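Welcome! Here is a friendly walk through one protein structure, taken a region at a time. Please keep the sequence and the 3D view open as you read.

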Amino acid sequence: MSAAPGIRALRAHVFRWKVETPIRTSFGTMHDRPMVLVEVEGEDGVRGWGEAWCNFPAVGAEHRARLLASVFAPMVVGRSEDAATLFADLTRRTAVLAIQSGEPGPIAQCIAGIDTALWDLAARRAGEPLWRFLGGRDPQIPVYASGLNPESPEVMAAARQREGYTGFKLKVGFGAERDLANLKALRKTLGRDARLMVDANQGWSLSEALEIFPRLAQFHLAWVEEPLRADAAIDEWCQLWAASPISIAAGENMAGDESFDAAIASGAFHVLQPDIAKWGGFTGCLPVARRILAAGIRYCPHYLGGGIGLLASAHLLAAAGGDGWLEVDANPNPLRTDFAGPLNQVASGRARLSELPGLGIEIDLASVPQPRVSFGE
């Protein structure tokens with residue numbers, strides 16, 4: 001990416017879609033679905049697109065968009081489009097600000113969105129789909145339906161199964177009896193061959209996890225995700241791993257090379273799940289994904305947001321390779337489906353990315369029916 005053109009503008013666009021059925025986790029509920037779309041425009045008018053994580057708290061989307069416009073645009077406009085160089089420079093220049101403001105997460109999420117947009121722009125200029133531009137060989141990726149609510153999850157899962165999904169992930173952490181009853185209903189509805197996972201969203205203590213894991217084993221789960229708090233001591237994760245009859249997954253709330261390298265070295269995780277919109281973009285996450293795979297751990301990107309971040313996660317998975325699966329939110333959300341392009345077509349548990357340049361989608365902001373607020377020039 002040497003001698004890359006300059007950046008003319010950085011803009012952030014906030015979209016919100018009010019849901020009919022709130023999305024529940026063990027730590028909170030989403031009453032609408034937000035999306036922070038990051039737009040980078042080159043000097044010649046070519047645009048690249050990214051997305052910054054913004055699910056929680058509810059006011060987080062506008063906050064991140066204002067950070068992008070007020071903090072990052074002055075650092076980015078006029079610079080080269082070289083994504084890797086900018087990722088390192090923005091991370092270095094905002095390190096003290098992240099400490100001073102107590103907001104390392106939102107700052108990292110903004111940088112991740114910028115990085116994704118710059119890689120999209122670079123691949124568009126090269127006339128190649130991102131998955132190939134980044135070294136991938138196969139555009140076909142396994143997918144699974146995620147975010148199944150604790151209220152009658154078998155109904156939504158059955159609908160997704162009819163659409164071609166073969167893997168499903170249930171939200172748990174709502175009491176053992178309810179969680180187990182939901183899993184029983186899912187297994188009865190979906191059949192013995194369906195791949196089932198659960199996500200506790202950091203909902204259990206070590207003792208609670210040790211108590212419930214044997215009861216979960218009867219459902220032949222592919223993994224249990226974030227059974228402990230993300231900041232639990234690595235020794236606790238190792239204790240759970242040593243006693244667990246089920247694979248353990250985590251990673252969406254890890255950030256930085258040191259955190260992921262420590263997780264890899266611990267041997268406590270069977271699945272690691274960096275989130276491209278929370279930290280790293282392509283510059284940070286692709287090398288991490290390759291180190292995860294080199295260690296013999298399954299790499300499955302975490303993602304639960306709008307369609308641009310989902311597409312980026314899919315290209316990242318295809319570029320990294322391995323036998324991991326892409327997380328696709330099972331809940332209705334036009335901010336996902338209107339932007340996800342080929343990922344809306346699933347057959348036998350797989351989707352296929354296109355040969356179009358970059359992320360493979362053209363965006364006309366004026367045609368998006370959802371309310372939008374834009375920041376930056």
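In which strand does serine 146 lie? Serine 146 lies in strand S4. Before going further, please note that this is a predicted model, in which local features need pLDDT of at least 70 and side-chain atom pairs count only at pLDDT 80 or more, while totals for chains, interfaces and linings use all residues. Residues are numbered from 1 along each chain as its sequence is written, and side-chain values use heavy atoms, with hydrogens and water left out. Helices (H or I, at least four residues) and strands (E, at least two) are DSSP runs, numbered from the N terminus.

**Strands S4 and S11**

Strand S4 covers residues 140–148 and pairs with S11 in the parallel sense over four bridges; two strands pair if DSSP finds at least two bridges between them. Within S11, aspartate 329 is the bridge partner of serine 146. Serine 146 is buried, at 1% relative accessibility. Here, buried means under 20% relative accessible area, exposed over 50%, and partly exposed in between (1.4 Å probe, protein chains only).

The side chain of serine 146 also makes a polar contact, at 2.5 Å, with the side chain of glutamate 327. A polar contact is a pair of N or O atoms within 3.5 Å; within protein, one must be able to donate a hydrogen and the other to accept it, and residues adjacent in sequence count only if both atoms are side-chain atoms. Leaving out residues up to four places away in sequence, serine 146 touches several residues, including Lys169, Leu304 and Asn331. Contact means heavy atoms within 4.5 Å.

Now look at S11 itself, residues 326–329. In a regular strand the side chains alternate between the two faces of the sheet. In S11, both faces are covered: Leu326 and Val328 are buried on one side, and Glu327 and Asp329 are buried on the other.

Between S11 and helix H13 (334–337) there is a loop that holds asparagine 333. Is asparagine 333 buried or exposed? Asparagine 333 is buried, with a relative accessible area of 3%. A polar atom of its side chain lies 3.0 Å from the backbone nitrogen of leucine 335. Apart from neighbours within four places in sequence, asparagine 333 is in contact with Trp17, Arg33 and Gly305.

**The open sheet**

Elsewhere, four strands form an open sheet in the order S3-S2-S1-S13, with antiparallel pairing. Its edge strands, S3 (47–52) and S13 (372–375), each pair on one side only. Neighbouring strands of this sheet are turned by 25 degrees against each other on average, direction ignored.

Strand S2 (residues 29–42) and S3 pair in the antiparallel sense over six bridges, and glutamate 39 has tryptophan 49 of S3 as its bridge partner. Helix H4 (residues 104–126) packs on the sheet and touches strand S1 (7–24), S2 and S3; the direction of H4 makes about 150 degrees with that of S3. Five of the six residues of S3 are buried.

**Two helices side by side**

How many degrees is the angle at which H10 and H11 pack? Helix H10 (residues 257–266) and helix H11 (residues 281–294) pack at about 10 degrees, with their axes 10 Å apart. Axes are lines fitted to C-alpha atoms, for helices over the stretch in contact, and angles run from 0 to 180 degrees between N-to-C directions. H10 and H11 are therefore roughly parallel to each other; angles under 35 degrees count as roughly parallel. Asp257, Phe260, Asp261 and Ile264 of H10 meet Val288, Arg291 and Ile292 of H11 in this contact.

Most residues other than glycine have a negative phi, and most peptide bonds are trans.

Finally, a cis peptide bond, with omega about -10 degrees, joins phenylalanine 56 and proline 57. Proline 57 is in the loop between S3 and helix H1 (60–76).

Technical notes
Parallel < 35°, antiparallel > 145°, perpendicular 65-115°, else oblique.
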